[in-house]
Amino acid sequence: MHVDNAPQSSPRPQRHAATPVYAATVKLAVRNILRQKFRTGMTLAAIMFGVVSLVLAGGFVADIFIQLGETIIHSQTGHLQLFKPDFLEKGSRYPERFLIDKPEEIAKKISAHPEVDAVMGRVYFAGLLNNGRRDLPIIGEGVEPDKEAKLGSLLKIVEGQQLRDQDTDGVLVGQGVAHSLGLKPGDSVTLVMNAAEGAMNTLDFRVVGIFQSFSKEFDARAVRIPLAATQELLQVKGVNQIVVALHRTEDTDQMLARLNAEFSGTSFDLRSWRTLSDFYDKSVQLYDAQFGVLRLIILLMVLLSVTNSVNMSVFERQGEFGTMQALGNRHRDIIRLILVECTILGLVGAVAGALLGMLLALVISAIGISMPPPPNANIGYMAFIRIVPATVIGAFFVGFIATVLASVYPAFKVSRIPVVDALRQNV
């Protein structure tokens with residue numbers, strides 16, 4: 001009996017067949033994309049248009065939010081405000097009932113945080129402003145002039161100058177107040193108001209400047225005078241509000257949480273500029289809704305455009321797909337090929353659209369967009385296109401996903417065409 005002692009080779013491990021199949025599919029898909037230059041160009045143009053539109057629209061809306069927020073902060077509210085409970089609801093009528101005693105101690109405590117730029121006190125009042133001929137009902141703020149001048153960097157002085165600490169008898173009036181009383185810098189006015197005990201007090205002031213904020217309504221009734229003069233007129237020592245200005249607006253939420261923890265055991269209410277400005281909150285809701293509708297419209301436009309392009313391309317290639325099936329390819333191979341082609345198109349188009357959108361945003365921002373005054377305002381502004389990472393990523397995925405979704409129906413439909421009918425397209 002013959003025994004074969006030759007060493008037997010171990011069986012070779014079988015290579016996984018999926019990898020060559022997918023590699024071949026990708027290679028064939030790339031060749032098909034490059035072969036159909038016109039259809040490919042039309043599809044890429046539709047994808048890029050949608051992505052660029054979303055990047056630019058999102059950047060424009062983000063700039064509106066940022067500029068509106070900074071205007072509110074640096075003309076009226078500051079970043080944070082601390083006051084007694086119910087002051088916002090009742091303080092305008094009875095400011096003397098909502099006074100903060102020893103505000104210097106609270107200001108010193110808040111100023112210890114490195115994120116804080118300045119802390120200042122305000123006293124609110126209502127009264128009559130007289131120019132020697134007529135009276136005008138006004139609302140006013142007693143402020144610390146130099147600190148407020150630094151905070152109010154976006155409060156436009158249309159005539160005269162900002163109120164300073166040395167202007168002990170100075171008054172800064174809104175543009176609407178100046179128009180109603182015919183005031184100009186250097187004019188003398190008399191302020192009449194009720195003191196805390198109910199007595200009528202008057203004090204003479206000199207107009208040092210006329211300001212214009214983003215709100216016509218505010219400018220029509222508002223004046224600012226030094227804090228010491230307000231306390232003298234009202235015969236009080238405290239303040240109604242402690243206003244906090246930060247170095248960076250991005251630190252607002254962090255500082256709000258930190259200060260809320262520090263003052264949790266006290267009878268104070270602490271608010272951020274977002275909750276203090278109802279106009280900003282409603283504007284954000286409005287623009288968010290509009291941008292959501294715009295995003296949906298662009299998504300539908302990309303879907304329809306790409307679906308039309310893919311449909312035309314796929315059904316023009318019925319003979320090609322029929323030949324593939326006659327050579328042994330199955331339905332899923334046809335579907336996979338079409339989906340891979342559209343995935344590559346979606347990826348290339350979305351990347352190109354995102355890059356082009358960011359480039360256009362930089363170019364447009366370098367030039368600027370001159371905008372008319374927003375509602376209830378009389379100051380125009382220069383708008384820009386902000387590059388917001390979340391918006392760019394969202395636009396990329398909208399373009400990419402819309403392209404892939406647009407290919408699903410044509411791929412399944414053409415794969416179900418009988419081989420004989422598909423092959424007739426070659427005749």
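These legends accompany close-up views of a pocket and the cavities in a predicted model.

**View 1. The largest pocket and its centre.** This pocket has a volume of about 930 Å³. Its lining is made up of 30 residues. Gln-76, Tyr-124, Ile-139, Phe-218 and Leu-276 are the ones nearest the centre.

**View 2. Elements around the largest pocket.** Helices and strands both contribute to this lining. Among those supplying at least two residues each are helix 2 (37-77), strand 3 (135-143), strand 8 (222-226) and helix 11 (278-316). Strand 2 (116-130) is also on that list. Strand 2 gives the most, with four residues. By class, the lining holds 14 nonpolar, eleven polar and five charged residues.

**View 3. The largest cavity.** The model has two cavities of 30 Å³ or more. The largest cavity has a volume of about 120 Å³. It is lined by 14 residues. Nearest its centre lie Gln-36, Ser-313, Arg-317, Glu-341 and Leu-345. Helix 1 (18-35), helix 2, helix 11 and helix 13 (331-367) each supply at least two lining residues. Helix 11 gives the most, with four. The lining divides into five nonpolar, six polar and three charged residues.

**View 4. The second largest cavity.** This cavity holds about 50 Å³ of space. Its lining includes Val-143, Pro-145, Glu-148, Ala-149 and Gly-152. Leu-155, Gln-162, Leu-163, Leu-172 and Arg-224 also line the cavity. Helix 5 (residues 145-151) gives the most to this lining, with three residues. Six lining residues are nonpolar, two are polar and two are charged.

Definitions and conventions: Residues numbered from 1 in each chain as written. Predicted model: local features only at pLDDT ≥ 70, side-chain atom pairs only at ≥ 80, totals over all residues. Heavy atoms only, no water. 1 Å grid on protein atoms, 1.4 Å probe; cavity = no way out; pocket = protein on both sides within 12 Å on 5 of 7 lines; lining within 4 Å. Points joined across faces, edges and corners; volume = space filled by probe spheres on them. Nonpolar A, V, L, I, M, F, W, Y, C, P; charged D, E, K, R; others polar.
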